[in-house]
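Thanks for making time, everyone. I'd like to walk you through one model today, and I'll start at a single spot in the chain before stepping back.

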Amino acid sequence: MNNAVLNVTPCTFCASSRKAAVATYSRAISGLRLALGSPLTLSGSISRSHCFRAFPTLRCDSTAAAAPAKTVSQQASKYEAVIGIETHVQLKTHTKAFCSCKSLYGGEPNTRVCPVCLGHPGTLPVLSKEVVRQAVLAGLALQCKIAPHSKFDRKQYFYPDLPKGYQISQYDVPLCTAGKLEVQVGKDVKTFGITRAHLEEDAGKLNHSGSDQLTGSTYSLVDYNRAGQALLEIVSEPDMRSGPDAAAYGAELRRIMVFLGVSDGEMSEGSMRCDVNVSVRPQGQEELGTKVEVKNMNSFSAMQKAIDFEIDRQVNLIEDSRSEQVVQETRLWDEGKQVTMSMRKKEGLADYRYFPEPDLPPLEVSTAYLQDVQATMPDLPANFRRRYRQLGLPAADVLVLADELPTAQYFDSVLAAGAAAKPAANWIMGDIMAFCKESRVNMGELQLKAPQLAEMVSLIEDGTISGKIGKQILPDLLQGKASKGVKKYVDQKGLIQVSDPAQIEAIVDAVIAANQKQLEQYRAGKTKLQGHFVGQVMKESKGRVNPGVMNNILMQKLNAK
């Protein structure tokens, strides 16, 4: 049995009837019953001064441990999840979609606005050519059909962050349709359909005071700098069946948008926002279950966790004979609590009252225009991965090197400068990637230019310097201290590797002469002392001897009778 205590805070500006206050009380209790799904005993009182607009505070004290919830994996054999994703990609244009205001992230609130994006009477929108070009480029990359004729529509809804009271979007005749995206999920390659991709404008941003989210905030401020920025909304088919499917789809979609140069893909800045639609149904059933939309996920890891939680929540409600509590609604992912929470009942299409945008003409895309845009198509992530596999690189290396555009471009430049693929990949994925992470820079911003890294790799490969010397000089190279060439730099530092057998033999003889006790122990069977002699030779030569030549000479000397 659960005990709930209800506190209703009185409104200081008005006093409503007891009937209204009781209605508030009843709604709150219904919500608590829905959340807990079990009988309640209630305590609390309502006076005549309590206002129905006040927000009730609920406290639940459980006196009995609930039965452990069944996990997603335990229910996998009985139910199937059906998942689709709506992704809003903020296009990387200089201006907003329909006005000349700059399209930038951040800045002083409400400083990049004008009468057009604020929806003042008498103003007219003008569609940006660059917005169309980037949208068509993205559509082609997703293997979509590009409509020769499409149109814009007004989508009516009234939120504080939407200054016009409507959003310019595309409804029944979108720019892009019927695409697909191939995604690697674990060891499998899966194909997910793209229903449509259409252009629209972004809303403003609400900043909630007193909390980092709407729940718990005392008031909200609105910043219209983002209002009117160009968005491409990409809607997938409901082809995904798990959290990992959705996370892999989202990650690949982001890579494509970044590699195309149509978005920076910064999820933390809202440049790419994913809303997932999740439903469950018994295995083998064709009819879809009730769809729930989940928002507020700022990483693909969060997306996967939110989907897994939502599948679990819906399955448990169905298993507990409470399927009526799976309703069509919008829920928010709470990263701190690792749960989804109800935000609002989901609006149907009729609520938006779409009608054709009267201030914008239809959008016509000719065959010649499509060919011109296609000709500017850069290499996509799949092309990079294919090329890297052809170089003989392991699958794990391929995925890392083609994950981010600056990394792939840097690796390509190192190869073009003459470096061998696998050694170059090892340096990039190891020491250089660690430096980038620590310094918070990408590889396109490194002071160590690609030809210098290629020169260092080649010097190691041909035996001019050792790998140990490479690690020793890399920090200096990353600071730009070898601008005149790596070979000249190691010459000046006296770090050229010693490969002359006579020189190395002299060093080995000196080390053995100084370690007679260890030599006797080694020859008596304590062969682990080989490492001691290697270390001493390296120390004596300051790490400059060629390891291969040194090992051959050392072993001959140690094993001589």
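**Starting at a loop**

Glutamine 338 sits in the loop that runs between strand 16 and strand 17 (339-345). When I say helix or strand, I mean DSSP runs: H or I over at least four residues for helices, E over at least two for strands, numbered from the N terminus. Before I go on: this is a predicted model, so local features need pLDDT of at least 70 and side-chain atom pairs count only at pLDDT 80 or more, while totals for chains, interfaces and linings use all residues. Residues are numbered from 1 along each chain as its sequence is written, and side-chain values use heavy atoms, with hydrogens and water left out.

Back to glutamine 338. It isn't a glycine, yet its phi is positive, at about 60°. It counts as partly exposed, because its relative accessibility is 31%; for us buried is under 20% relative accessible area, exposed is over 50%, and partly exposed is in between, with a 1.4 Å probe and protein chains only.

Glutamine 143 also has a positive phi of about 60° without being a glycine. You'll find glutamine 143 in the loop between helix 3 (129-141) and strand 5 (145-146), and with 46% relative accessibility it is partly exposed.

**Stepping back**

So what does the protein chain contain in helices and strands? There are 17 helices and 19 strands. The chain has 561 residues, and 45% of them count as buried. Now contacts, meaning heavy atoms within 4.5 Å: among those between residues at least 6 apart in sequence, 70% join residues at least 24 apart. The accessible surface is about 28600 Å², with 53% belonging to carbon and sulfur atoms; that area comes from the Shrake-Rupley method with a 1.4 Å probe, and for residues only the protein chains shown count as cover.

**Cores**

A nonpolar core here is a set of buried Ala, Val, Leu, Ile, Met, Phe, Trp, Tyr and Cys residues joined through side-chain atoms within 4.5 Å. The largest one has 66 residues, and Leu175, Ile234, Tyr249, Met257, Leu260 and Met303 have the most contacts inside it. Helix 4 (residues 243-260) gives this core its largest share, 9 residues. Apart from it lies another core, of 43 residues, including Phe259, Phe384, Phe411 and Ile473. As for methionine 303, leaving out residues up to four places away in sequence, it touches Ile85, Ala246, Ala247, Cys274, Val276 and Met297.

**Charges that pair**

My salt bridge rule is a side-chain nitrogen of Lys or Arg within 4 Å of a carboxyl oxygen of Asp or Glu. By that rule we get 32 salt bridges.

Take lysine 151 and aspartate 172, whose side chains meet at 2.8 Å, N to O. This pair links distant parts of the chain, 21 residues apart: lysine 151 is in the loop between strand 6 (149-150) and strand 7, and aspartate 172 in the loop between strand 8 and strand 9 (176-185). Lysine 151 is buried, at 18% relative accessible area.

Then there's arginine 313 with glutamate 329, a salt bridge at 3.8 Å, N to O. Arginine 313 belongs to helix 5 (residues 300-319) and glutamate 329 to strand 16, 16 residues apart. Are these two buried or exposed? Arginine 313 is buried at 16% relative accessible area, and glutamate 329 is buried at 4%.

The side chains of lysine 557 and glutamate 505 form a salt bridge at 2.8 Å, N to O. Lysine 557 lies in helix 17 (residues 547-558) and glutamate 505 in helix 14 (residues 501-513), so the pair ties together parts 52 residues apart in sequence.

**Charges without a salt bridge**

Aspartate 334 is in strand 16 (residues 329-334). It is buried but has no salt bridge, and the nearest side chain of opposite charge, lysine 337, is 4.6 Å away. Here Lys and Arg count as positive and Asp and Glu as negative, with His and the chain ends not counted. What does the side chain of aspartate 334 reach? It reaches the backbone nitrogen of lysine 337, at 2.9 Å.

Aspartate 161, in the loop between strand 7 (153-156) and strand 8 (166-169), is also buried with no salt bridge; arginine 226, the nearest side chain of opposite charge, is 5.3 Å away.

Notes:
Polar contact = N/O pair within 3.5 Å; in protein donor to acceptor, adjacent residues only side chain to side chain.
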